[in-house]
Amino acid sequence: MGACVTPETITRLLGSMHTGRLLVVCGAGLSMAPNSSLPSARTVAAQCFDKYRLEADPNCDIALRENLEALAEHFAGLNTLQSVFIEHLVPWSAFVRPPNPGHAAIADFLITRAAAAGISSNYDTLIERRAWDYGADFCGSLDGDEAMADSVRQAPLLKFHGCSQRDRPATVWAPSQLDDQTISARITRSKVWMAANLRQKDLLVVGFWSDWEYLNAVIGEALIDVEPLSVTVIDLSPTNALEQKAPQLWEIAHAPNVTFEHVQESGAVALDELRRAFSSNYLRQVLDAGRTAFELATGVECDPAWLEVGNFDSEALYALRRDAEGVSAVEPAKLLRPLNPETLGLFHLLLRRAGAVHRADGYELNGRRIRVLNGAQTVLGTLRAKFVEPPAAMQSDIVVAVGAIDLGVPSNVVRSGRAGDVIRPDPAGEWYDFLGARAELGI
């Protein structure tokens, strides 16, 4: 067990990403972390119980107040689980909170397929919301058939227990619901898909060992046939509590030939650390790809310091990955690794050799702010027209579209926005191709 994610663990998980073996399993603990701070199962149970006792049954057994499973079964026995408990008592508005950095990391990993799939026991849509914020056409899957269909767009996110926004009446709260034909069939389809597509993966289990004990059991049973190679648990719970709360998952994690590690840290924090490492490595690959061309073009040996990436936060690194991919701030980054980055890396190294200071939004050289984009296989004017972005993303004096073709079309052909126009602002800065930027900057 470790108190934080070690470099060795990060390295191992990055290796899983690049071999297509990382499977992220996330539970309530992920969404309970700031700044989402969703309620625990006990809190949900208490809120439902208190509301029901005030509105309908003052004599309701107080023992049910902090036991979500028992409370749900109480309503199932009354045949009012859906009509009263799910549709009236569950505080669904409490599930509508801002996504946290852990949700952002999972969204990023699924969009880029750095994770082979995600499995969530959470009803909330915070992973989906963060993916939408990035501009992705992203859907959560309710069963294996949907996961298969969604895999065309992204690595699937299978929401094993249902979704607060899709078919809310069929969300899973109590063991007796497994006898429901709709829910039983959905879980069966999910198990079949998991066994066929997720075998022999490296499981990254985030915030799953929580107080949602029944839900742990349902997903634990489904994971038995997956036969993981390793299980890395990111959870604040003490190690001795893991086996007690989720014995099925514990058994899977300690099967023969399975590597197990427990990192006692917030899932949101740990995922953000992993995402920063993933993004930094992506950008280092871009820089390294240009090293040979740089040395041939300049006759200067590349300084190892020029190949390093700044210590920026995960969102700044994500923005730099977008630029390296050639997509604007209203589109998601989709690449697991850079595509033909040699010329792009060369230009970065030319800037660094000239003394340009690397910033979170690009470079600064001689008082000018410079943004470097991957413009490969594009026409400069066409690319410029696509970069109509929110004002916060438009801070550069010079934008260099490396690899773009400058047809010499006057810049005023690109339709400009009016001052203060938030609907269609003008793409910021003066735009250059590789050669034009070298001449303008004298590098």
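User: Which residues of helix α5 are buried?
Analyst: The buried residues of α5 are L81, F85, I86 and L89. This is a predicted model, where local features need pLDDT of at least 70, side-chain atom pairs count only at pLDDT 80 or more, and totals for chains, interfaces and linings use all residues. Residues are numbered from 1 along each chain as its sequence is written, and side-chain values use heavy atoms, with hydrogens and water left out. Buried means under 20% relative accessible area, exposed over 50% and partly exposed in between (1.4 Å probe, protein chains only), and the names that pass for α5 are L81, F85, I86 and L89.

User: Within what arc do the buried residues of α5 fall, seen down its axis?
Analyst: The buried set is L81, F85, I86 and L89. The arc is that of the directions from the helix axis to the C-beta atoms. The buried residues of α5 line one face of the helix, because they fall within an arc of 120 degrees.

User: Which helices are among those that cover the buried residues of α5?
Analyst: Helices (H or I, at least four residues) and strands (E, at least two) are DSSP runs, numbered from the N terminus. Contact means heavy atoms within 4.5 Å. The cover over the buried residues of α5 includes α3 (41–55) and α4.

User: At what angle do the axes of α4 and α5 cross?
Analyst: Axes are lines fitted to C-alpha atoms, for helices over the stretch in contact, with angles from 0 to 180 degrees between N-to-C directions. Angles under 35 degrees count as roughly parallel, over 145 as roughly antiparallel, 65 to 115 as roughly perpendicular and the rest as oblique. α4 and α5 are therefore oblique to each other. The axes of α4 (68–77) and α5 (81–89) come within 8 Å and cross at roughly 135 degrees.

User: How many nonpolar residues are in the contact of α4 with α5?
Analyst: α4 contributes L68, L71, A72, F75 and A76, and α5 contributes L81, V84, F85 and L89. Ala, Val, Leu, Ile, Met, Phe, Trp, Tyr, Cys and Pro count as nonpolar, Asp, Glu, Lys and Arg as charged, and the others, Gly among them, as polar. The contact has no polar and no charged residues, and its nonpolar count is nine.

User: Which residues does F75 touch, not counting those up to four places away in sequence?
Analyst: F75 lies in helix α4. F75 counts as buried, at 1% relative accessibility. Beyond its sequence neighbours up to four places away, F75 touches Y52, T80, L81, V84, F85 and L89.

User: What length does α1 reach from its first C-alpha to its last?
Analyst: α1 (7–18) has twelve residues. The expected span is 1.5 Å times one less than the number of residues. That expectation is 16 Å, and α1 comes close to it at 17 Å.

User: Within what arc do the buried residues of α1 fall, seen down its axis?
Analyst: T9, I10, L13, L14, S16 and M17 of α1 are buried. They line one face of the helix, because they fall within an arc of 155 degrees. On the other side, P7, E8 and T11 are exposed.

User: Which residues is S120 in contact with, leaving aside neighbours within four places in sequence?
Analyst: S120 lies in strand β2 (117–120). S120 is buried, with a relative accessible area of 3%. Apart from those neighbours, its contacts are C26, L157, L158, K159, F160 and H161.

User: What is the phi of N257?
Analyst: Most residues other than glycine have a negative phi. N257 sits in the loop between α12 (247–253) and β6. N257 counts as exposed, at 79% relative accessibility. Its phi is positive, near 70 degrees.

User: What is the phi of E227?
Analyst: E227 is in the loop between α10 and β5. E227 counts as partly exposed, at 40% relative accessibility. Although E227 is not a glycine, its phi is positive, at about 50 degrees.

User: Is the peptide bond from P34 to N35 cis or trans?
Analyst: Most peptide bonds are trans. N35 lies in the loop between α2 and α3. With omega near 0 degrees, the bond from P34 to N35 is cis.

User: What share of the protein chain do buried residues make up?
Analyst: The protein chain has 18 helices and eleven strands. Its C-alpha atoms fill a box of roughly 80 × 55 × 35 Å along the principal axes. Of its 443 residues, the buried share is 53%.
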